[in-house]
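User: I am new to this structure. Please take me through a few of its local features.

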Amino acid sequence: MTHIRPAHDVVGRPTPLIDGIEKVTGQAHYTADLPAAGALVGRILRSPFAHARIRAIDTEAARALPGVHAVITGEDCDQTYGVLPIAMNEYPLARGRVRYCGEPVVAVAAVDEATAAAALRLIRLDVEELPAYFTAAEARTPDAVLLHDDKPGNVERAVHHRFGDVEAGFAAADLVREQVFRCAEIAHAQMELNAALVSYDHDRDQLTIWSTTQVPYYVHLMLARCLGMDMSRIRVIKPFVGGGFGARVEVLNFEIITALLARAAGGTVRMVLSREGTFLTHRGRPETEIRLKLGMMRSGRLTACACEVIQRGGAYAGYGIVTILYAGALLHGLYDIPAITYDGWRVYANLPPCGAMRGHGTVDVRFAFESLLDSMATEAGLDPIAVRRANLLAAPTETANGLRVESYGLGECLDWVEQASGWRERRGRLGAARGLGMACSHYVSGAAKPIHWTGEPHAVVHLRLDFDGGLTLLTGAADIGQGSSTVMAQAAAEVLGVHLDRVRVVAADSMLTPKDNGSYSSRVTFMVGNATIDAARALRERLLAAAAEKLGVAVTEVEDSHEHFRRAGDNAAGLSFAEVTQAALAREGGAITVKGTFSCPLEFQGGKHRGGAVGAAMGFSYAAQAVEVSVDEDTGMVAVEKIWVAQDCGFAINPLAVEGQMQGAVWMGMGQAIGEETRYENGLAMHASLLDYRMPTSVESPPIDVHIVESRDPNGPFGAKEASEGALAGFLPALINAIADAVGLRLDTLPATPDRVLEALAKRQRAARLARAMQERA
């Protein structure tokens, strides 16, 4: 066994992101910035109909227009695509039917924007309009036309899970309450527009794509499927990405369309969607209705939970099955609840498809749960924080649905939030129309079972040492702004005992880097981080062996630290990293490349019930937060004055990045809570610009105090868990609970826009007047 260095020299220290300079100086090249001399312009003709059968598409005039190099329709691709192998029901370009306003129908490649736009104007669609459904209730009526013939009742997936004796739990409870909550559909609204650049080499039948993706591997798979190409002929490169948040974990239609255009034109095509086109590509959080019933003892202990969820998922499957399963799976794993029943329905509608969004599947249900729990605590005369404490888990444990919790810092999160916010002294005492609310939340550290099961490791990293003494880490994992490349560089540098600037990271180029399953479900730090440690340990063993040989001692006697190798206990100068590198390369016969891998053990991959893999993870993050608000009762405006948030991330490999991710998650939660929602009129998007889609600005952004809790997960890299999603869901109910503390009003619908707040205040006033009138008559 080799000598172990004391930890930690590199990890655990606030570290600027290794790609930060390029981003803040404007040197970073995003997909739309990439040089491509002579590239054709790709444009899409979108359906103006919400639901219609395509009778004919006349493209003759467009094809004849000078400067047009390619025109394609659904007839040019008869393969469906999608993120889930069992739910691929979408074509890149509509075939037979269009199912939402904005669905791609025809695409053109032309010499410039003007010619491409002119070509689209020449195309004629002949359709037979069909009934369209814009709510889940309409789509589920008995006589509704099916959007997909194999999905009766327009239900993509129904889920029914039972764990424990719920009826007995409610019977034993001192307080049982039931309420319906509603959350509007929202969009990611990422800053960077969707874009793809595709170069097709006709002579070699090879294709290269640069795209705004979170999962290059999925793009690779679906391009091979839809273009009928061998995967070896496709190269996928992810440049800098200006925000993902889940919008780009699926392969998106424009990526495949651009590739089809490039092949049809026999050259290079660039497609940059407009802001409207990016909104219509969508994949946001679905409109959701939650019916929740909770049972609670006088002590605050929960006895049972029954939850029904209906999600309006849009026109195609996408991630829908996973989303509706997540909504139920993560009712477990935050609190100790003896009995839980869950019924969920994912419903099709004639709207742009929804998908994964930060906090995937859990956010709306957590809003309902924490809101009702808070209301019940108040009714029972209990402190809301005390009620949470009464239901804490004791790790390690396994939940009724098979989630294994190995580390659990929620109690410490609650302690800090209580103290930092002045909870005991200030709640209920802030004065007129000002209040304090709190809530808890959690999230997975990577989905334990990959979507595409191949038998390969869940994460693979290559680490190369060459003559210059530089360490090159090659990974397919996509850094989309979350700082994953920095985390991997830190992990490698820590294990090898070298300076961080000795490590270079090459990421997400399928010709150079090993396959990675992608940046989704907060998996990269946990899984790719562990694979990086594995690779670094393998390389360290070779360096120690070379150092031992050169020093003339046993490997177990070698001590390495800060790029120096020496015999343990010997104060002599020893060997420099450069000297050991030279010795290792001579010993190994040239440049050294090692491989690191990581896979989740089977026991962490979920329960035995159907859908049990969704929600399963090797680690869970936990967060608590308090929110202070003021409410203008004349205008209905809710202002967030301050936020205190604590999160158990296991171990902060890069505390600077963790703090930023925590603040970003809370900020996105604030957007959903106070203003964000998509709006449609007869299927037409009315929100498809950053002027019409209301997000918080710097004006609405309050101070956010963050506190990192480190529970040191036994399976995480250096004990780390996820840090970018767990805090989001807690903001929504914390805000609603703060409004209740401020004005005694509990909203059950989000976002809490001024019109909704005013309507709720007016409704309360009408009810009060009616009650007084009835008393006077009595």
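Analyst: Buried means under 20% relative accessible area. Keep in mind that this is a predicted model.

User: Is Glu563 buried or exposed?

Analyst: Glu563 sits in the loop between strand S22 (558–561) and strand S23 (564–567). Its phi is positive, about 65°, although Glu563 is not a glycine. The relative accessible area of Glu563 is 10%, so this residue is buried.

User: What is the relative accessibility of Arg283?

Analyst: Arg283 belongs to the loop between helix H8 (275–281) and strand S13 (287–296). Arg283 is not a glycine, yet its phi is positive, about 75°. Arg283 counts as buried, because its relative accessibility is 0%.

User: Which residue has its backbone nitrogen 3.5 Å from a polar atom of the Gln214 side chain?

Analyst: Gln214 lies in the loop between strand S10 (206–211) and helix H6 (216–227). Gln214 is buried, at 3% relative accessibility. Beyond four places in sequence, its contacts include Gly244, Phe245 and Ser519. The backbone nitrogen in question is that of Ala247.

User: How are helix H14 and helix H15 oriented to each other?

Analyst: Helix H14 (residues 484–496) and helix H15 (residues 524–551) have axes 8 Å apart, at an angle of about 30°. Angles under 35 degrees count as roughly parallel. H14 and H15 are therefore roughly parallel.

User: Which residue is joined to Leu750 by a cis peptide bond?

Analyst: Look at the loop between strand S31 (749–750) and helix H19 (754–777), where this residue lies. The cis bond has an omega of about 5°. The partner of Leu750 is Pro751.

Definitions and conventions:
Residues are numbered from 1 along each chain as its sequence is written. This is a predicted model: local features need pLDDT of at least 70, side-chain atom pairs count only at pLDDT 80 or more; totals for chains, interfaces and linings use all residues. Side-chain values use heavy atoms; hydrogens and water are left out. Axes are lines fitted to C-alpha atoms, for helices over the stretch in contact, and angles run from 0 to 180 degrees between N-to-C directions. Helices (H or I, at least four residues) and strands (E, at least two) are DSSP runs, numbered from the N terminus. Angles under 35 degrees count as roughly parallel, over 145 as roughly antiparallel, 65 to 115 as roughly perpendicular and the rest as oblique. Buried means under 20% relative accessible area, exposed over 50%, partly exposed in between (1.4 Å probe, protein chains only). A polar contact is a pair of N or O atoms within 3.5 Å; within protein, one must be able to donate a hydrogen and the other to accept it, and residues adjacent in sequence count only if both atoms are side-chain atoms. Contact means heavy atoms within 4.5 Å.
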